[in-house]
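Biologist: I am new to this one. Please show me how to read it.

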Amino acid sequence: MRQFPAFFNMDDARVVVFGGGEEARRKVRLLAKTPAHITVIIGKDIDSGFAQEFAGRITIAPQAEAGAALDVARFAIVACRIDENTERAITWARQYGVPLNVVDRPDLCDFTVPSIMDRGEIVAAVASGGSAPVLAKSVRAKLEALIPARIGDLAALAGRMRDDVKAKLPDASDRRQFWEQVLNGKAAELAYAGEIEAAEQAMRDALAGRRTQGVVHLVGAGPGDPELLTLKALRLLQEADIVFYDRLVSDEILSLIRRDADRVSVGKSKGDHSVPQDEIHEMLIRSARDGKRVVRLKGGDPFIFGRGGEEMEAVLAAGVEAFVVPGISSALGCAAQAGVPLTHRDHAQSLTFVTGHAKAGGVPDLDWESLAKPNQTVTVFMGVGTATAITDKLIEAGRAPDTPVAVIENGTRPNEIQVFGILAELPDLITDNDIQGPALLIIGKVAGLPFASGAIGLSGQVGQETFA
């Protein structure tokens, strides 16, 4: 380790920046996020808008006052545009023994300015010793994607609790165990959700020795491609104690669950509800009451034909806190993969999601006349088994038999199948291409646009594209 990472305490600190151009402005913009007193030393001129941007936040001084500023400075940054001014600033800083950073001159630096992730009380810095700052920024961006936005709020809460915890738990090992529990449990999840008062109460309950109840997260896994998983969903999968997943969740996403978490399959398929819905509710509630971090992992989005509403209702009724993490609906994922815009100013001014399967089985009781109106897109979930009835009812209600359709099975996955045709041929498209599901039916002019994969014109010629 050639560089030793350290963080300056910026309370009442004084820092000096040399320069009045864009590079100096960027450094001041970063420093202005701290409580430090900032003095900007300029030569003959300063960029337009520089002083106005930091009005009341910085002191602008001529070079003649550099010595006085450096005499009390914690560190200095040189970002001059003119080489002569750069050399002069370096000489002054060396005379006063002030730690120095020179922009784009790592060989002259006492320290480098890292790429910084700022989450309030939590700050992370990534440095490359000046050799590859763009790479350092890339690493920082990856960290920002993985770390919760409100982790600073959790850290601030922990700071406020430190004295109480130390008084209650004088033994250091006991304190460490306590912090490991609350900073990875219910209190943390409440803080991440912005419920700071509830998070503090959960910490105090844990400190008092009261058994804390876990929480349930209803997490959308998206249509199957693991890269379409949300960042929050990924974090929860890597923190969960137990994951209840359904049949539509891909193996690639299941592999992202932390290795020592319990995995419970509660999947359903047509005509096979191996785990009744009420039993799923009971398992979620029981696991949370045991203090576990529970994830209910559902294909697509939990609240779009995923029974997420039923599960949320049951969990909350039992007095267990629950949170929802949306996922990319299969309707959106499949359509995007197939190049089918679900809305289009010229062809579809409205979009309707419907289920092709009624709760008691068979064809659902839908407003077929409304669905038959032109210039709209109808997307049908779970419609493979009722495709014949759906076709007949739409045509009978007035939808044109030559309306373009797309059938997409296993959307966004390696074994995806896309089939395009017209409404009158929809049942044959499914049968001839051995579509078993899960599949999405897209009905509307947008399915016939020329940039849809394998798309048709209105002549009825069928195109098919298979990804295997």
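Biologist: In which strand does Phe-420 lie?

Modeller: This is a predicted model, where local features need pLDDT of at least 70, side-chain atom pairs count only at pLDDT 80 or more, and totals for chains, interfaces and linings use all residues. Residues are numbered from 1 along each chain as its sequence is written, and side-chain values use heavy atoms, leaving out hydrogens and water. Strands are DSSP runs of E, at least two residues; helices are runs of H or I, at least four; both are numbered from the N terminus. Phe-420 lies in strand β16, residues 417-422.

Biologist: Is Phe-420 buried or exposed?

Modeller: Buried means under 20% relative accessible area, exposed over 50%, partly exposed in between (1.4 Å probe, protein chains only). Phe-420 is buried, at 0%. The C-alpha atoms of Phe-420 and Val-407 are separated by 6.4 Å, though 13 residues apart along the chain.

Biologist: Which residues of α7 and α9 meet?

Modeller: Contact means heavy atoms within 4.5 Å. Phe-178, Trp-179, Gln-181 and Val-182 in α7 meet Met-203, Ala-206 and Leu-207 in α9. Sorted by class, that contact has six nonpolar, one polar and no charged residues.

Biologist: How do the classes work?

Modeller: Ala, Val, Leu, Ile, Met, Phe, Trp, Tyr, Cys and Pro count as nonpolar; Asp, Glu, Lys and Arg as charged; the others, Gly among them, as polar.

Biologist: At what angle do α7 and α9 pack?

Modeller: Angles run from 0 to 180 degrees between N-to-C directions, and axes are lines fitted to C-alpha atoms, for helices over the stretch in contact. Helix α7 (residues 172-182) and helix α9 (residues 196-207) pack at about 140 degrees, with axes 11 Å apart.
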